[in-house]
Each structure stands twice: as C-alpha cells, then as structure tokens.
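Please describe the sheets, the helix packing and a few individual residues of the structure below, with the cut-offs behind each term.

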Amino acid sequence: MSSSLSKPSPAETPATHASSGDAPAREETPVGLEEILQPLYDSLESGILLVGHDGLVTSCSLAMAMLFGRSPDEVLGLTTADVNKLVLSLLDEPAQRLREEGLFPQSTGVRCEEFELLEPSRTVVRWVARKVQCPHYATVAVGTDITADVDLTSAYEKMALTDRLTGIANRRGIERAIHHELLRLRRFQTPVSFALFDIDRFKIINDTHGHGTGDEVLRLVAKAMAGSLRETDLVSRWGGEEFLVVLTETTHAGALVCAEKMRAKVATLGEIVGFNVTVSGGVYQPGPGESIPDILAHTDGRLYEAKNNGRNRVC
C-alpha cells in the first residue's frame, strides 16, 4: 500500500518547491585579504606596515602613515630602503645603528628601535619590525606613538631631581653632576670647584617676617644664584637654607671670583624684600683622589670660616 506522505524523489524536489518568480542564485565576489584587514589596521592606535616578499610595502595603516606625515597611498609601493630614507629624513641626529642597519630585520628576527621624529610634529616612536612566515607578506612593522609616556616619565624624573620651592636642582639632582665632574677630574684631570652657601641669619628672617617671607627669600636667592652662573654650572638647594654650586672646569681662583659674584648679587635682594639678605660662602677645589664626603667636609669648613669672619663674605 502506498503512503500519501511519501517524500518526493530528488529529481522532483526543485519543481515542487521552486516557483517561476524566484531570482537566480547570486555569485559572491571574492573579498581580498586587504579589504578585510585594512579597517582593522585603521582602527588601531599603533601604526601597521606590511612588507611583501618582494621588499615592497603592501599595506600601510592610517596611523602609520600619519607618523611620517604621509597618506597611506604615498607609502604603498615603497621599498624598505625608501622607508628607511623617509624616516631618517625626519630625524635630527639619527643613531649610528639606525643609519647603518635601518628599520627592518635583514634575515630573521626582530628590529626594535625608539626614535624621535621632528616632522611633521615632534613624535617619539617605538618601532618593532618582525620577520614572519606568511604567504601574503614577509615583514610586519608596528609603530607606536609613545610621546605622552616619554614626556610624563621625563616630567616625573625632573620632579624627582628638582626642589619644589625654588625650582632649582635638589640634593639628588646635583649628586649626578658631582659624580660626573669627579669622574672627569680623575680621568682627564679636568678641574672642578665647589661652593657652599648659607643664608645669613635665616632663622631670624623666618621668626621676624614669617615663613611665607622666608620661602620667598629662598626663591629669590636661588634665582639670583642661578642667574649668575654659566650654562655649564649647576646650583642646588642642598638643604634648608644651604645652596651647593658645582663650577665645572674651574680652578679655586676662578671659583672665588664666581662665588663673590653670586654673593654680591644676593646682597642686592634687600631692595626687593625691604630688609638685608646676605649669604656666606665656602669654596673648595678637590684633587683627583678625594671622595665626595671629604670634598663636602672641606667646603663646609670654608663656609664656617666665612661665617666666623663676619658673614656676608666668601672664603
């Protein structure tokens, strides 16, 4: 007995379910790899650059092109040598390794660099280029704008080395200069001298005029001293009302002249604040074999000699 629910044969199926008004099936156009990946590249903060096996740039994201002040179309088709030349033209003083080896690994491995582009605007870039095993491209390069991170780190470092009140170097900040100059002294016999100043009767200034006025005096003294120095010298707030000065390539005789100039400059501050402001200073030129504690002890001794001889003088 045949059943009324029997299934149609395969040959009957199209005729049974298709109507004369159905549209013919569409053939999908193949989508290229670039069309799929380009929107992804352009959505990333870091720039992406792909180099083919023929050494030509096959893909460049918008972020990467903008690092170089170009459009993606201007970068496409460039050789790796062209990219190297472009980047070097945007640097002020390219590192020797960057000049000689370029931005891309020559065989296998990874090339990592950090450099600062001056055009089209100052930008610090972290660059990582890696050889890959891929049929579509041979090298992937990623360029990341790290300017904000670098500037923030520099700001923190500067804060750590700067006295908040006066804006000049603090003890930690000047210790670097001391170590550097003593190294030059030991290696090349380059002379260096130190001057230690102390504001005379500073406690009386605070007690009489208040700590706010005392702080202003510290700022004015720091500014007066810094303005009396060469660019190669450095003044710091050594602690409290003491200021330590490193006088590079300066003998004891020259240091006495510089210290006297600073003392005289500070003495004019009374015209600004309405009461006498003076400093006493001690000057010392160390020999190659002296340690930092010994140098500071000698300089401090000269300072107290100036104090004991009547203040407002340099010894």
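Buried means under 20% relative accessible area, exposed over 50%, and partly exposed in between, with a 1.4 Å probe and protein chains only. On that scale cysteine 134, with a relative accessible area of 17%, is buried. This is a predicted model, in which local features need pLDDT of at least 70 and side-chain atom pairs count only at pLDDT 80 or more, while totals for chains, interfaces and linings use all residues. Residues are numbered from 1 along each chain as its sequence is written, and side-chain values use heavy atoms, with hydrogens and water left out.

| Residue | Relative accessibility | Class |
|---|---|---|
| Valine 83 | 1% | buried |
| Threonine 190 | 13% | buried |
| Cysteine 134 | 17% | buried |
| Cysteine 112 | 46% | partly exposed |

The structure holds zero disulfides, a disulfide being a pair of cysteine sulfur atoms within 2.5 Å.

Helices (H or I, at least four residues) and strands (E, at least two) are DSSP runs, numbered from the N terminus, and two strands pair if DSSP finds at least two bridges between them. Five strands, in the order β2-β1-β5-β4-β3, form an open sheet with antiparallel pairing. Its edges are β2 (57–60) and β3 (110–117), each of which has a single partner strand, so one side of each is left without a neighbour in the sheet. Direction ignored, neighbouring strands of this sheet are turned by 15° against each other on average. Within it, strand β1 (residues 47–51) and strand β5 (residues 139–145) run antiparallel and are joined by five bridges, and threonine 139 in β5 is the bridge partner of valine 51.

A further open sheet, of four strands, has the order β7-β8-β6-β9, again with antiparallel pairing. Here β7 (234–239) and β9 (279–284) stand at the edges with a single partner strand each, so one side of each is left without a neighbour in the sheet. Neighbouring strands of this sheet are turned by 25° against each other on average, direction ignored. Seven bridges join β6 to strand β8 (residues 242–248), and the two run antiparallel; leucine 196 stands opposite leucine 244 in β8.

Helix α8 lies across β6, β7 and β8, and runs at about 125° to β7. Axes are lines fitted to C-alpha atoms, for helices over the stretch in contact, and angles run from 0 to 180 degrees between N-to-C directions. Contact means heavy atoms within 4.5 Å. Threonine 190 is placed in the loop between α8 (171–188) and β6 (192–199), and, leaving aside neighbours within four places in sequence, it is in contact with Arg184, Leu185 and Glu249.

Valine 83 lies in helix α5 (residues 80–89). Not counting residues up to four places away in sequence, valine 83 touches Leu49, Val57, Leu78, Leu103 and Phe104.

Two packed helices are described by the angle between their axes and the distance between the axes. Helix α9 (residues 202–209) packs against helix α10 (residues 211–226) at an angle of about 140°, with the axes 6 Å apart. That makes α9 oblique to α10, since angles under 35 degrees count as roughly parallel, over 145 as roughly antiparallel, 65 to 115 as roughly perpendicular and the rest as oblique. In this contact, Phe202, Ile205, Asn206 and His209 of α9 meet His211, Thr213, Gly214, Val217 and Leu218 of α10.
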